[in-house]
Amino acid sequence: MLVAASTLALLTFTYFWRSPAYYPQPPATSPAEARIIPRSQYSEEHRRPYTYRHGNVVVFGAEHKPASVDRQLRQIDEMWRELRPTVALVEGRLGFLAPGFMDPVEHYGESGHVYALAKKDDVQAYTWEQPLDEHIAYLARVHAKDRVALFMVLRPYFSKLRFGKPESPEAFVEEFLGRADHPAIRGEINSVADIDRIWRRDFAGGKDWRDVSDETVLPGYLERLTEDSNDQRNRYLVRLVSHLSAQGERVFVICGSSHAVVIEPALM
């Protein structure tokens, strides 16, 4: 048993892919943040994918739809080769993956593909997300704690539904209940039953949460939380890109097309 445990630990650190780390040094605020387009002013009337290069920074704003994946992967490969990045920034935290047995694109979309390129070319990769504790604390300062907890737990599910409903929505969401255990919102949601209770209270008469996708406007206060969360995420992304650029890095960013649009004025 000891040998098996040691072998598993070795594989975890050498073979299996773990989530890209948060950037280890909190980036300083940047004057460029003032030029970010607020989510409330964002217009969906733009090309998809939304891609550009400014100096040594490439931003690939992906269209998160299954039908677009193959075409986008070819574009990503081309822009990756042209930039020859030294740092990759991927959206989300991704998760466990066993290469050779699990398809990174099938599990994590375009971010999974960029992470695979970084692994292949020995390029340092980070998530561009703000550390979760900091992000939740920010949202809890301006929104009710139970609303923040509901949003944080269900947000991955709302995104997942773009690619099809999981066989068990409850099992999918249970994997993210730990997000509600952060100090700023602890005790608000501990189970799927708590989610159902809050949803029935706040969204009676509307769709069940199991049928809600972030491909459309989220119901009620969840859309305002989405706006505030994305504005903060975009500020953090611009800080990170500005910091890495100042260090002389060639930076490849993979994100959703809306993020690419709103941060472009800050990166020009």
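Let me start with a question: does Arg239 count as buried or exposed? At 15% relative accessibility, Arg239 counts as buried, because buried means under 20%. This arginine is found in helix H8. Setting aside residues up to four places away in sequence, Arg239 touches Pro27, Ala28, Thr29, Ser30 and Glu33.

Before we go on, please remember that this is a predicted model. The mean pLDDT of the protein is 87, and 85% of its residues reach 70 or more. Confidence is highest in H7, at 98, and lowest in helix H1, residues 2-14, at a mean of 39. Over residues 2-15 pLDDT stays under 50, and the model has eight contacts for that stretch beyond four places in sequence. Where pLDDT is low, the predicted coordinates should not be read in detail.

Now, back to H8 and one of its partners. Helix H5, residues 145-160, and helix H8, residues 221-246, have axes that come within 10 Å and cross at roughly 80°. That makes H5 roughly perpendicular to H8. On the H5 side, the residues that meet H8 are Arg147, Val148, Leu150, Phe151, Arg155 and Phe158. Facing them from H8 are Tyr221, Leu222, Leu225, Thr226, Ser229 and Arg233. Sorted by class, this contact has seven nonpolar, two polar and three charged residues.

Two of those names, Leu150 and Leu222, come up again in the largest nonpolar core, which has 31 residues. Together with Ile195 and Trp199, they have the most contacts inside it. Helices H4 (132-140), H5, H6 (169-174), H7 (192-202) and H8 each give two or more residues to this core. Which of them gives the most? That would be H5, with nine residues. If you click on Leu150, you will find it in contact with Ile189, Ile195, Ile198, Trp199, Phe203, Tyr221 and Leu222, leaving aside its neighbours within four places in sequence. Apart from this core lies another, of 27 residues, among them Val57, Cys255, Val261 and Leu267.

Last, some backbone details. Most residues other than glycine have a negative phi, and most peptide bonds are trans. Arg84 is not a glycine, yet has a positive phi of about 50°. You will see Arg84 in the loop between helix H2 and strand S4, and it is exposed, with a relative accessible area of 54%. Asp122 has a positive phi too, of about 55°; its place is the loop between helix H3 and strand S5, and at 71% relative accessibility it counts as exposed. Finally, a cis peptide bond joins Arg48 and Pro49, with omega about -5°. Pro49 is in the loop between strands S1 and S2. Thanks, everyone!

Conventions
Residues are numbered from 1 along each chain as its sequence is written. This is a predicted model: local features need pLDDT of at least 70, side-chain atom pairs count only at pLDDT 80 or more; totals for chains, interfaces and linings use all residues. Side-chain values use heavy atoms; hydrogens and water are left out. Axes are lines fitted to C-alpha atoms, for helices over the stretch in contact, and angles run from 0 to 180 degrees between N-to-C directions. Helices (H or I, at least four residues) and strands (E, at least two) are DSSP runs, numbered from the N terminus. Angles under 35 degrees count as roughly parallel, over 145 as roughly antiparallel, 65 to 115 as roughly perpendicular and the rest as oblique. Contact means heavy atoms within 4.5 Å. Ala, Val, Leu, Ile, Met, Phe, Trp, Tyr, Cys and Pro count as nonpolar, Asp, Glu, Lys and Arg as charged, and the others, Gly among them, as polar. Buried means under 20% relative accessible area, exposed over 50%, partly exposed in between (1.4 Å probe, protein chains only). A nonpolar core is a set of buried Ala, Val, Leu, Ile, Met, Phe, Trp, Tyr and Cys residues joined through side-chain atoms within 4.5 Å. pLDDT is the predictor's confidence in each residue, from 0 to 100.
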